[in-house]
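Hello,

Here is the structure I promised to pass on.

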Amino acid sequence: MPPIEAIEETYESTSLFGNDKSLASELLQNRLRSKPRPNRQWQAIASSATGFLPGWVITWFVLTAAICTWDASFIMLRPLSFPEGRLSQFWYPYKYYINLDKRYGNMEDSYVYTQSLMNYAEVILNLYTCYLDKIRSKHTIPLAFTVTVMTFWKTVLYFLMFAEPCGDTSYRAGNSALSEFFLVIIPNGVWLVLPLLVLVKLWAHITPKEHLELKSRNE
């Protein structure tokens, strides 16, 4: 932008302002004041080295994407992923798990197949959320909240299908309470507790205004 003095001289040379330098200067100052300026809160966010989501949330999204891919692939690659199958070494712990949740060993069960397709969709959304956070997209928080709700209620559905009276008890026949607690409830319960913590963390910042205020306070 040219110096103010040069612009004032231009105003002076016009017949509209004549030699009224004070009027030209006043109009110029009004013009400069009315020019939109970048939002300081957005500038603070743009200068931040991190994204919108806390580091532990990003870590959770990456870990759950990896584990859900592993779990869904076990289902999709049966019987190769079964014990004694050609790919069994990649799913060694499942030789114990399929004896507790017998749906995993039943090739005719449609629920675990459907759940695995949902797992793949969840993985894609988790990784896309991490990408949005990296580029600091305004859609990061809403998508993170949405995919976490999906994860939480998918796990609730799993427990309902596994437990009485919603589920088929034949899939739990012969299980001891201790083995179910340590090999079913605790591992799968992680997908209830951590998503719930993420939802609590994001709930207060689901709107852009509140999110900006949070980032501004943290700077």
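Tyr131 sits in helix H6 (residues 110-134); helices here are DSSP runs of H or I with at least four residues, strands are runs of E with at least two, and both are numbered from the N terminus. With a relative accessible area of 46%, Tyr131 is partly exposed. For that term, buried means under 20% relative accessible area, exposed means over 50%, and partly exposed is in between, using a 1.4 Å probe and protein chains only. Gly51 is 80 residues away from Tyr131 along the chain, and their C-alpha atoms are separated by 9.8 Å.

Before you go further, please keep in mind that this is a predicted model, in which local features need pLDDT of at least 70, side-chain atom pairs count only at pLDDT 80 or more, and totals for chains, interfaces and linings use all residues. Residues are numbered from 1 along each chain as its sequence is written, and side-chain values use heavy atoms, with hydrogens and water left out.

On confidence, the mean pLDDT (the predictor's confidence in each residue, from 0 to 100) of the protein chain is 80, and 69% of its residues reach 70 or more. Helix H4 (residues 55-76) has the highest confidence, at 96, while helix H3 (residues 40-46) has the lowest, at a mean of 41. Residues 7-17 stay under 50 in pLDDT, and the model gives them 14 contacts beyond four places in sequence; a contact means heavy atoms within 4.5 Å. The pLDDT is also below 50 over residues 38-49, a stretch with 16 contacts in the model beyond near neighbours in sequence.

Now to the aromatic rings. Rings of Phe, Tyr and Trp (its six-membered ring) pair if their centres lie within 6.5 Å; planes under 30 degrees apart count as stacked, over 60 as edge-to-face and the rest as tilted. The count by this rule is 16 aromatic pairs. Phe90 and Trp91 form an edge-to-face pair, because their ring centres are 6.2 Å apart and their planes are at 75°. Trp91 is buried, at 7% relative accessibility. Phe152 and Trp153 are edge-to-face too, with centres 5.3 Å apart and planes at 85°. In that pair, Phe152 is buried at 16%, whereas Trp153 is exposed at 53%. One aromatic cluster is formed by Trp70, Phe74, Phe82, Phe90, Trp91, Tyr94, Tyr97 and Tyr104.

The loop between H4 and helix H5 (94-97) holds Pro93, which is partly exposed with a relative accessible area of 44%. Glu84 is exposed, with a relative accessible area of 79%.

Arg136, in the loop between H6 and helix H7 (140-162), has a positive phi of about 55° although it is not a glycine. At 27% relative accessibility, Arg136 is partly exposed.

Best wishes
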